[in-house]
Amino acid sequence: MEALISLVARNNKMFRRDKTQVFFSLLSIIIVIALYGIFLQKMQVDAIEQVTKATPETITMVNEWLVAGLLSMIAVTTTLGAFGIAIQDIESKSAADFLTAPISRAKIQLSYVLNAFFIGFIFSFIAFISCEIFIVATGGQLLNGTEMMKVIGILILSVLLASTFNMFLVLFVHSQNAYSTLTTIVGTLIGFLCGVYVPFGVLPGFAQNLIMYFPISHTTVLLRDAFMQNSIQTVFAGASNEQVEAYKINFGVVYEMNGNLLTSTTSLLIIVGTTIVLAVLSILIFKKRNK
Amino acid sequence: MKSIIQVENLHKAYGQHKAVKGISFTVEEGTLFAFLGTNGAGKSTTIEILCTLLQKTSGTVRINGYDVDENNQANIRKSIGVVFQQSLLDDKLTVQENILHRGKMYSLSKDQLQQNYQFVSTYLQLADIEQKKYSALSGGQRRRADIARALIHRPQILFLDEPTTGLDPQTRQFVWQAIKRLQQESNMTVFLTTHYMEEAAVANQIVILKNGEIVAEGTPDALKTKYAYDQLEVVFQNIAEGEKWLQQNELTFTVRNGIYSIRVTSTMHALTVLKQVEPLLASFEVIKGTMDDVFIHIMHEGEAV
């Protein structure tokens, strides 16, 4: 156990001390914030104004929409960044050095996964606190205790899913070049696949399906639901149920599949189920490779 | 003396390519064992098998009494320390962090780990570099840290894969002295691969590998006697007379820039020759056969023992 803890601590230091790696893990988030400042916020407010009058609460609601998207993205990009240590170790042959000690390959692999989880959670938690400060500073309400616990719970699930998802991807990567390509692809696509860059409703049908079937996007949906519940009620106080539902579907606050709205429980099951399936698949691939 | 490494009929194949072809040797506890060969001879493959990093195709390997076939990986790994050819510690960690993080993988108690750290730190003079990041170290400092990492759990066998390649002579000497001292004081077995034949010359036992097979083995003296020749270099006062004398006595020689290199079987043979040829000499020098000669001879001639 001490060996595992030591390896995780070592991986953690290695990631934190690589400022470039940390920066690139957060690059997608920085881009989203920039895009939000330039046009995404205005686009949403304009859309809402067609239904109801825009107020400061509208801005808060839109900010919460962004924050939920950012938090789901950050779990993916930071955990993937943390897995960079595993690739460095393969390429620099540090992994061979570890294996001269009485420690198994499985334990070494587990140390990367645990490190990714811790890094992902720490960054997500810091981002969550920063987002709350941003929301309050721009006139919004601080989440109450129960809502905060709910968000933290979703964040844990989100980071867990992102860790297993990235562990699965990284199993197929054996060089820094391939890893850089992978981070570029994930960093570029994740904003779209979580429905953060462009509102869900403006995308063509196949893209909407792609997002809905992408399990990580369900963490975005759960986070949006947790963050926006109160402000949606306030903003759409005078609007009909159909108008509220249309907004929720168009902006990916809820998914509609075959005419039915997916519940939070369904999203939760998708997240947990995918985490388990990816973990099992990764273990099987890892075992087969290291027979 | 106990055999701490026993290798019998070891084979390793990568598909159709046979990297190691049925080699057998033993290493006695507390000795310095040199494992030599050109690049691609199968040295690294053999070391990786001995260190449990690679599975053999067939044969028997026992390390410190543990068979690598059985479920003995942890016991074998506790018995060995490995200094790889490349520096493998983490650039972003300090020397102390690197060594202690690795040390924790050996299930040592906190006190034992601290004690071991003090030991390796003193032995390898780490005090001035232990708080420096590994990336900030010179080649020689890195090597000291690498060796300290390999020794942190006080192994019985130390594998050194070309440990002094690329180091300046002063650092090489320091590293080498530290290893020798440690070997003698703690009865540690050292398994060495090197391209520096003068390092191999101080080994207790040498095995030379070529194309995956052992082509020579023995003590440095035995190998030198068999494969290297001493040279008697002479300059004659009268070249014609000197050369005539050499031919009459059927001695093998070469000439370069007026210096005659005569092959002699030993230093005593050189003395006999010198006594006879003394009146004709202007100057002379006896050059001892070296491990370089042994290695070059074996690699070129390919003579099996």
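Predicted model: local features only at pLDDT ≥ 70, side-chain atom pairs only at ≥ 80, totals over all residues.
Two strands count as paired when DSSP finds at least two bridges between them.

In chain B, S12(B) and S13(B) form a hairpin with two residues between them. One residue of that turn, B:Asn257, has a positive phi of about 50°.

| Strand pair | Sense | Bridges | Residues opposite each other |
|---|---|---|---|
| S11(B) and S14(B) | antiparallel | six bridges | B:Glu233 and B:Glu285 |
| S11(B) and S13(B) | antiparallel | five bridges | B:Leu232 and B:Ile262 |
| S12(B) and S13(B) | antiparallel | four bridges | B:Phe253 and B:Ile262 |

B:Ile262 in S13(B) stands opposite B:Leu232 and also opposite B:Phe253. Strand S11 covers residues 230-236 of chain B, and strand S13 covers residues 259-264.

**First sheet of chain B**

Another open sheet of four strands in chain B has the order S2-S1-S4-S5, and its pairing is antiparallel as well. Its edges are strand S2 (17-28) and strand S5 (66-67), each of which pairs on one side only. S5(B) is joined to strand S4 (residues 58-63) by two bridges in the antiparallel sense. In this pairing, B:Ile63 has B:Tyr66 of S5(B) as its bridge partner.

Helix H1 (residues 43-50) of chain B lies across strand S1 (3-14), S2 and S4, and runs at about 120° to S1(B).

**Domains of chain B**

Chain B is divided into domain 1 (3-224) and domain 2 (229-288). The centres of these two domains, taken over C-alpha atoms, are separated by 43 Å.

**A helix pair in chain A**

Two packed helices are described by the angle between their axes and the distance between the axes. In chain A, the axes of helix H3 (residues 56-92) and helix H7 (residues 176-193) come within 10 Å and cross at roughly 175°. Because angles over 145 degrees count as roughly antiparallel, H3(A) is roughly antiparallel to H7(A).

From H3(A), the residues in this contact include A:Met73, A:Val76, A:Leu80, A:Phe83 and A:Ile87. A:Gly81, A:Gly84 and A:Glu91 of H3(A) are also among them. On the H7(A) side, the contact includes A:Tyr179, A:Leu182, A:Val186, A:Ile190 and A:Gly191. By class, the contact of H3(A) with H7(A) has nine nonpolar, seven polar and one charged residues.

**Interface between chains A and B**

What is the area buried between chain A and chain B? The size of an interface is often given as the accessible area lost when the parts come together. For chain A and chain B this area is about 2200 Å², and carbon and sulfur atoms give 55% of it. The contact takes 22 residues from chain A and 24 residues from chain B. On the chain A side, A:Arg17, A:Thr100 and A:Pro102 supply 28% of the area that chain A buries against chain B, more than any other three residues.

Note on methods
Residues numbered from 1 in each chain as written. Chains lettered and ligands numbered in written order. Heavy atoms only, no water. Domains from an automatic or database assignment. Axes fitted to C-alpha atoms, helices over the stretch in contact; angles between N-to-C directions. Parallel < 35°, antiparallel > 145°, perpendicular 65-115°, else oblique. Contact = heavy atoms within 4.5 Å. Nonpolar A, V, L, I, M, F, W, Y, C, P; charged D, E, K, R; others polar. Buried area = accessible area lost by both parts, 1.4 Å probe.
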